[in-house]
Amino acid sequence: MLKLHFAPNSRASRIMWLLEELKLPYELNRMDFSPQDLKSDEHRARHPLGRVPVLDDGDVSIYESGAIVEYILARHEDGGLKPKVDSPLFPEYLQWFHYCEGMVMPPVNTIVVQTILLPPDRRDETALGQAQKLLTKALAPVNEALEGREYLIGDFSAADIMLGHACFMSNRLGCVTDDMTNLKDYVARVAARPAFDKAINT
Ligand SMILES: N[C@@H](CCC(=O)N[C@@H](CS)C(=O)NCC(=O)O)C(=O)O
């Protein structure tokens with residue numbers, strides 16, 4: 001049985017969301033988002049940096065959310081969530097799938113560090129302002145791509161599991177501006193999916 005090592009308010013929600021969408025059976029190891037749990041020897045043995053998500057599948061143990069999504073689609077069930085390699089949608093699918101960790105999450109990480117994780121006396125307003133600007137810039141092409149589309153490549157796909165979650169988090173951080181109407185609607189659409197709702201509220 002698949003086992004997901006999970007903490008709330010983290011990228012581990014992406015994997016739970018995918019498992020719920022695919023209706024795959026899995027076991028959840030729900031940890032606190034705290035150094036006690038994530039930096040324990042037990043969890044560092046699964047992930048050298050003490051991070052989530054990590055997925056166990058028999059003898060396989062794998063980390064990195066994007067890699068885990070690919071792994072589940074390839075080895076278990078793809079649920080039609082990935083276009084075929086020769087589909088005209090495939091390049092765009094790949095682009096948005098990787099745009100998540102490549103372009104959107106770096107400024108999201110900085111914003112979380114500068115507004116939540118660091119104690120107030122160690123926060124840096126300049127770094128925060130730069131990251132907020134960078135994130136808004138990185139989201140603009142996503143807003144454009146969503147013109148006339150419900151999801152990133154039209155139909156719901158695993159690119160939405162990655163980037164849709166990142167857009168939801170960006171919106172929570174106040175970085176989806178009101179003029180990005182496509183993105184606002186998209187975040188609402190993602191949030192209305194029962195599988196997402198379950199993952200984000202676990
Ligand atoms: N690129 C990795 C990032 C993993 C990561 O940084 N996870 C965060 C939660 S979203 C974490 O575990 N942070 C705990 C910490 O830094 O102590 C992925 O996509 O899985």
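Predicted model: local features only at pLDDT ≥ 70, side-chain atom pairs only at ≥ 80, totals over all residues.

**Entry 1: the ligand.** I looked up what surrounds the ligand and got Ser10, Arg11, Leu38, Gly50, Arg51, Val52, Pro53, Glu64, Ser65, Gly66 and Glu101. Sorted by class, that shell has three nonpolar, four polar and four charged residues.

**Entry 2: the domains.** Next I checked how the protein is divided. The domain assignment gives domain 1 as 2–75 and domain 2 as 90–200. I looked up the spacing too: the C-alpha centres of domain 1 and domain 2 are 21 Å apart. How many residues are in contact across the two domains? I found ten residues of domain 1 in contact with twelve of domain 2. On the domain 1 side, α1 (12–22) and α4 (65–75) each supply at least two of the residues that touch domain 2. The most comes from α1, with seven residues. By class, I count that side of domain 1 as five nonpolar, two polar and three charged residues.

**Entry 3: helix α1.** Is α1 largely enclosed or open? Nine of its eleven residues are buried, so α1 is largely enclosed by the rest of the structure. I wrote the buried ones down: Ala12, Ser13, Arg14, Ile15, Met16, Trp17, Leu18, Leu19 and Glu21. What covers the buried residues of α1? The cover includes the strands β1 (2–6), β2 (26–30) and β3 (54–57), plus the helices α4, α7 (158–172) and α9 (194–200).

**Entry 4: strand β1.** I picked β1 from that cover and looked at it by itself. Four of the five residues of β1 are buried, so this strand is also largely enclosed by the rest of the structure. I then looked up its pairings. With β2, β1 pairs in the parallel sense over five bridges. With β3, β1 pairs in the antiparallel sense over three bridges. Leucine 4 is a handy one to click on: its bridge partner in β2 is leucine 28, and in β3 it stands opposite leucine 55. I also found phenylalanine 6 opposite arginine 30 in β2. Which hand does the unit made by β1, α1 and β2 have? I got a right-handed β-α-β unit.

Entry 5: Last stop, the residue after α1. That is lysine 23, and its phi is positive, near 55°. Lysine 23 is in the loop between α1 and β2. Is lysine 23 buried or exposed? It has 9 other C-beta atoms within 10 Å, so lysine 23 is exposed; the cut-off for that is 12 or fewer. I also looked up how far lysine 23 is from glutamate 42: 19 residues in sequence, and 28 Å in space, C-alpha to C-alpha.

Methods: Residues numbered from 1 in each chain as written. Domains from an automatic or database assignment. Contact = placed C-beta atoms within 7 Å. Nonpolar A, V, L, I, M, F, W, Y, C, P; charged D, E, K, R; others polar. Buried ≥ 20, exposed ≤ 12 C-beta atoms within 10 Å, placed from the backbone. Near = placed C-beta within 6 Å. Pairing = 2+ DSSP bridges. Right-handed = clockwise from strand over helix to strand, strands pointing away.
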